[in-house]
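This report walks through selected features of one protein model, topic by topic. The sequence and structure come before the details.

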Amino acid sequence: MKRTTTFLAVTAALSLIGIAQASSHREAPNITRMPTLDATDFYLFNSYEAGRDDYVTLIANYIPLQDAYGGPNYFAMDPNAVYSIHIDNDGDAMADMSFNFRFSNSLANDGAGVTLPIGPDGNQKMVAVPLKNVGGISADSSAALNFIENYSLELASGTSSTMLMPSGASSFTKPYDYVGNKTFGDATAYQTYADQYLYNVAIPGCDAMARVFVGQRKDPFVVNLGETFDLVNYVPVEGDSAPGAGDGAGFPGGITQSSANDDLNDKNVTALAIEVPKACVTGSGNGVIGAWTTASLPQARILNPNANFARPEVNGGALVQVSRLSNPLVNELVIGLADKDKFNSSKPADDGQFADYVTHPSLPALLNILFKDAVNATLGTTIDDLAPSNFPRTDLVAAFLTGVAGVNQLATVTPSEMLRLNTAIPATPAAMQSAFGVAGNDLAGFPNGRRPGDDVVDIALRVVMGALCHDIPVAGEPTNLGFCAPEDAPVGNVPFTDGAPINASMLNASFPYLLTPLAGSPN
């Protein structure tokens, strides 16, 4: 238990050192120019839907900061990109399995699109409409849909690959985005429409079926985004005696928990979700898997000077990785600005090149610059430096790059940044989950993988500022884990928070777990 708690708590610290643009929204200069390839969050957890104990769920969210009303074109995926979810089950930091999604789009009427007769008799022309739908859409009829988005799903393993097919259907379809209630009726009707695109999929060599869903969802991540990037324009310490107590008995001027602090509360994302039987992903390893998501484009893109719907450009050459995500928030404030694009294009096996960002993290120093004088003035103290002083941060290195033997360490140890999940730890039902994961005595939560209801920002803030230098509860007993001492972290026992709460009750308890997207027109 002690080793498990140590590993998972330390991983939390590193994973969330950057409490920034949501988990990974617009995190690097180059990816801001390619929002359709920008991975926002990645989740990996033992399925907690009733009756699905033998499954693992992986969710890769893309296209950040979607305003539901963002018409008329809304949020299609890039048809020239390859979106991948990778799984390493032996510890060499290379993908043993990759689920590769490729998208295509087309217009109705065999590519001609919906047209309307315009003009009087004798001077009438059939003219294409400017909208992606021309009437109501429901689970019973998509006849009014002018734009159709399909995708293929490939399972690559070693040197072989297999094109997967949905059970009972000829192709995979991505449901049209939730443009509004005149089109779909209401949220329940939209969800019924979207549910028909949840597919069962047979995987070679796997006795049970996998499940796949790709479509728009409400962004599950919560973060005090705008004020965080305005030099942390709030006091990032709990202002109540307990979160949500409303008594103002915490740190003077500290922020209190409120969904109003979540700047992503009105945003959607596009989710690529797959649920796979555990036995099919663990391979011959020790039951621990590592995973990450990437998006890649052909190396060359030449714009068509006479662009049309079918051919706006020509793409060619080898695929180049432009987006990468596993643990949340790593590329925001762990990786230096000069190396953010490099991190996005790199592979986990090469992560040793970023070690300095882990052994000597800059976020604590930044928080010290921003808040030391205010803390000392408020508390009447003379703290020289708020940041932990235990260098190098070997606690973070162990969790970030290697894991801990017997807990979340794969069969072979290759330093690499991946979300790691012990598939043998039973899932915690939604009603019993702690938003603080392991720190909340819930071993099935972050950073043993990551669930949508885990409050990773608060966990990370506390640990990066030295929570592990102070006693933490291990099997109910206050215990120092031996990484550092309390004097190494003068504010390590402070309840840091961004004030934006999240827990499992705010999400669904069945695949694909994320909520119905927000309507572009709610009336």
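## A buried charged pair

Both Arg-451 and Asp-442 are buried. The model is a predicted one. Arg-451 and Asp-442 are joined by a salt bridge, with their closest N and O atoms 2.8 Å apart.

Lys-174 and Asp-177 make another salt bridge, at 3.5 Å from N to O. Lys-174 and Asp-177 are buried as well.

## Salt bridges across the chain

Over the whole structure, the search gives 13 salt bridges. One of them links Glu-49 to Arg-211, where the closest N and O atoms are 2.6 Å apart. Glu-49 belongs to the loop between strand S1 (39-46) and strand S2 (55-67), while Arg-211 belongs to strand S11 (residues 210-218), so this pair ties together parts that lie 162 residues apart in sequence.

How accessible are the two partners? Glu-49 has a relative accessible area of 16% and is buried. Arg-211 has a relative accessibility of 12% and also counts as buried. Both values fall under the 20% limit for the term buried. The pair is also part of a network of salt bridges that links Glu-49, Arg-52, Arg-211 and Glu-275.

## Charges over rings

Arg-52, a member of that network, lies over the face of Tyr-55, at 3.9 Å from the ring centre. A second case involves Arg-324, whose charged end sits over the ring of Phe-343, 4.3 Å from the centre of that ring.

## Aromatic pairs

A pair of aromatic rings is described by how far apart the centres are and by the angle of the planes. The count for this model is 18 aromatic pairs. Among them are Phe-45 and Tyr-48, whose ring centres are 5.4 Å apart and whose planes meet at 35°, so the pair is tilted. Phe-45 is buried, with a relative accessible area of 0%, and Tyr-48 is buried with a value of 8%. Tyr-178 and Tyr-190 form a stacked pair, with 4.5 Å from centre to centre and 10° between the planes. Tyr-178 is in the loop between strand S9 (172-174) and helix H2 (181-184), and Tyr-190 is in helix H3 (residues 187-195), so the pair ties together parts 12 residues apart in sequence.

Tyr-178 counts as buried at 2% relative accessibility. Tyr-190 is buried too, with a relative accessible area of 0%. Elsewhere, one aromatic cluster is formed by Tyr-62, Tyr-83, Phe-101, Phe-103, Tyr-151, Phe-172 and Tyr-199.

## A five-stranded sheet

What is the order of the strands in the open sheet of five strands? The order is S1-S2-S12-S11-S10, and the pairing is antiparallel. S1 and strand S10 (199-201) are at the edges with a single partner strand each, so one side of each has no neighbour in the sheet. From one strand to the next, the twist averages 20°.

Within this sheet, S2 and strand S12 (residues 267-277) run antiparallel and are joined by 10 bridges. Asp-67 stands opposite Lys-267 in S12.

## Helix H11

How many residues of helix H11 (residues 456-464) are buried? Nine of its nine residues are buried, and the helix is described as mostly covered. The buried residues of H11 include Val-456, Asp-458, Leu-461, Arg-462 and Val-464. Just after H11, Gly-466 has a positive phi of about 110°.

Glu-238 is located in the loop between helix H4 (225-229) and S12. Is Glu-238 buried or exposed? Its relative accessibility is 3%, so Glu-238 counts as buried.

Leaving out residues up to four places away in sequence, Glu-238 touches Pro-243, Gly-244, Gly-250, Phe-251, Ile-255, Thr-256, Gln-257, Pro-495 and Thr-497. Pro-486 is 248 residues from Glu-238 along the chain, and the C-alpha atoms of these two residues are separated by 20 Å.

Definitions and conventions: Residues are numbered from 1 along each chain as its sequence is written. This is a predicted model: local features need pLDDT of at least 70, side-chain atom pairs count only at pLDDT 80 or more; totals for chains, interfaces and linings use all residues. Side-chain values use heavy atoms; hydrogens and water are left out. A salt bridge is a side-chain nitrogen of Lys or Arg within 4 Å of a carboxyl oxygen of Asp or Glu. Helices (H or I, at least four residues) and strands (E, at least two) are DSSP runs, numbered from the N terminus. Buried means under 20% relative accessible area, exposed over 50%, partly exposed in between (1.4 Å probe, protein chains only). Rings of Phe, Tyr and Trp (its six-membered ring) pair if their centres lie within 6.5 Å; planes under 30 degrees apart count as stacked, over 60 as edge-to-face and the rest as tilted. A charge sits over a ring if NZ of Lys or CZ of Arg is within 6 Å of the ring centre and within 35 degrees of the ring normal. Two strands pair if DSSP finds at least two bridges between them. Axes are lines fitted to C-alpha atoms, for helices over the stretch in contact, and angles run from 0 to 180 degrees between N-to-C directions. Contact means heavy atoms within 4.5 Å.
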